[in-house]
Amino acid sequence: MDIDAIKRDYDIFTRDESLIYLDSCATSLTPRIVTAKLLEYYNSYNANIARGAYKASTKATEEFEMSRKVVANFLNAQLEEVVFTSGTTASLNMIAHGLTSQISNTDNIVVTAMEHHANFIPWQQLCEHTHADFRVAPITDDGLLDTDQLLELIDENTKILALTHVSNVLGTINPIKELTQKVRAKNQNTLIVVDAAQSVAHMKLDVADVDCDFLAFSMHKLFGPTGVGVLYGKKEHLEKLTPIFTGGEMIQEVTTACTTFRELPHRLEAGTPHIAGVIASQEAIAYAKSFGFEKIREHEKELLTYCTNNLVENFGDDIKIFGPCDISLRSGAISFTLKNHHPHDIATILDDKKNVAIRAGQHCAMPLHLETLKTNATARVSFSVYNTKADIDAFIDGLKKVDEILS
Ligand code: PLP
């Protein structure tokens, strides 16, 4: 990949040439092609969708529905199985709340110890409200999902298994397809919900192949705008999902006696969506596809290997890297601690002294940090197509400076 040329796709690097952005797990940078599409909507056909009988509204509606086609094609899903939301968090909450009436106190819901809060709390809350049993599958010492123990938690009363495709802390890639098959062999009625927030920008997703029941992701992790998410669900399950948002655009008929809802996907899309964001999402997906996921993965593995080796060579036993050692089992992120230096201090000094942007804290995974990893916080670097080995060199140099200052 020609990274110099890729960097030129982003105005942010033109404005700040020294920026080393290593926080793509939190949000990816947005290429000009996507911001241009956002502006195109506002400057050329700014109108609400599916409402006006005039040209701009028709054009906006067509572009919006074109994005649905692009997402459906990207996921290998049917058109009506793609619902636009405001992000992964919204999608997962819509699934959990929308399933409430299908859960009883004899059921159980299984999640994993490596979930982001967005795929943990909604299920925990659902169990609290319905008195269903909340079960958490552990991870192994090397940061992999303990699939044997997970399968032991699945029984005839397991209504839902909600798990992340890629951990935003450990980088672990979970074998979703294989797990789906094994879970189905134990209980064919267990609904499998996949949080694809961290995998969507790194590997090809194929919902038909994986055979999950629901899947969620955010466009802002895939070169797209913030405030746009996707909720994929198999048609049969989306049809049974209670809409948690009701209001404009999702109804068929409203009388003072009752309301009937529209067909999918509109019944789950109440109110005015982030029209510009959804429209610009088609460009974000086209941009990701222009590299090809094999190339993206190859580049990411190269950076992961280079960064891991450099951390170990330069800091030896002082650095603790969380997650699997085998790079083939991990994706875009490396979380670490360095001596007793507080991760927030590490991140602040890196920013201040070297203009290197990394993440610090618990990365919305408090149970994982406090109960499993037994650490208060970690620092995290994560990569995307615009990162180079030189970025990693700058980060390592910066980390040496951090160590000097804090030791
Ligand atoms: N799930 C995972 C694994 C994540 O990493 C994130 C965000 O970092 C989310 C869910 C939540 O995504 P959003 O904040 O876009 O809703």
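S335 is in contact (heavy atoms within 4.5 Å) with V169, K320, I321, F322, R330, H363, T378, A379 and R380, leaving aside its neighbours within four places in sequence. S335 is found in strand β12, where strands (E, at least two residues) and helices (H or I, at least four) are DSSP runs numbered from the N terminus. This is a predicted model, in which local features need pLDDT of at least 70, side-chain atom pairs count only at pLDDT 80 or more, and totals for chains, interfaces and linings use all residues. Residues are numbered from 1 along each chain as its sequence is written, and side-chain values use heavy atoms, with hydrogens and water left out.

**S335**

- S335 counts as buried at 0% relative accessibility; buried means under 20% relative accessible area, exposed over 50%, and partly exposed in between, with a 1.4 Å probe and protein chains only.
- A polar atom of the S335 side chain lies 2.7 Å from the backbone oxygen of V169.
- A polar contact is a pair of N or O atoms within 3.5 Å; within protein, one must be able to donate a hydrogen and the other to accept it, and residues adjacent in sequence count only if both atoms are side-chain atoms.

**The sheet containing β12**

- The strand order β11-β12-β15-β14 describes an open sheet of 4 strands with antiparallel pairing.
- Its edge strands, each pairing on one side only, are β11 (319-322) and β14 (359-361).
- From one strand to the next, the twist averages 30°; axes are lines fitted to C-alpha atoms, for helices over the stretch in contact, and angles run from 0 to 180 degrees between N-to-C directions.
- Helix α15 (residues 389-406) packs on this sheet and touches β11, β12 (333-338) and β15. The direction of α15 makes about 20° with that of β12.
- Two strands pair if DSSP finds at least two bridges between them. β14 and β15 (residues 378-382) are joined in the antiparallel sense over 3 bridges, and T378 in β15 is the bridge partner of G361.

**Helix α14**

- In helix α14 (residues 366-373), the buried residues are P367, L368, H369 and L373.
- The cover over these buried residues includes β11, β14 and β15.

- Strand β8 (residues 229-233) is mostly covered, with 5 of its 5 residues buried.
- In a regular strand, side chains alternate between the two faces of the sheet.
- From β8, G229, L231 and G233 point one way, while V230 and Y232 point the other way.
- β8 pairs with strand β2 (residues 82-85) in the antiparallel sense over 4 bridges, and F84 stands opposite V230.
- β8 also pairs with strand β7 (residues 214-218), in the antiparallel sense over 5 bridges. Here F214 has G233 as its bridge partner.

**Ligand surroundings**

- The residues around the ligand are T88, T89, H116, A118, T164, N168, D195, A197, Q198, S218, H220 and K221. A residue is placed near a molecule or strand if one of its heavy atoms lies within 4 Å of it.
- A ligand nitrogen atom is 2.5 Å from an N or O atom in the side chain of D195.
- For K221, an N or O atom of the side chain is 2.4 Å from an oxygen atom of the ligand.
- A polar backbone atom of T88 is 3.4 Å from an oxygen atom of the ligand.

**Backbone features in loops**

- L264 and P265 are joined by a cis peptide bond, with omega about -5°. P265 is found in the loop between β10 (259-261) and α11 (275-291).
- N76 is not a glycine but has a positive phi of about 60°. N76 lies in the loop between α4 (55-75) and β2 and is partly exposed, at 40% relative accessibility.
- E249 is likewise not a glycine and has a positive phi of about 75°. E249 sits in the loop between α10 (235-240) and β9 (251-254), and its relative accessible area of 23% makes it partly exposed.

**Cysteines**

- Taking a disulfide as a pair of cysteine sulfur atoms within 2.5 Å, the count comes to 0 disulfides.
- C212 is buried, with a relative accessible area of 1%, whereas C258 is partly exposed at 48% relative accessibility.
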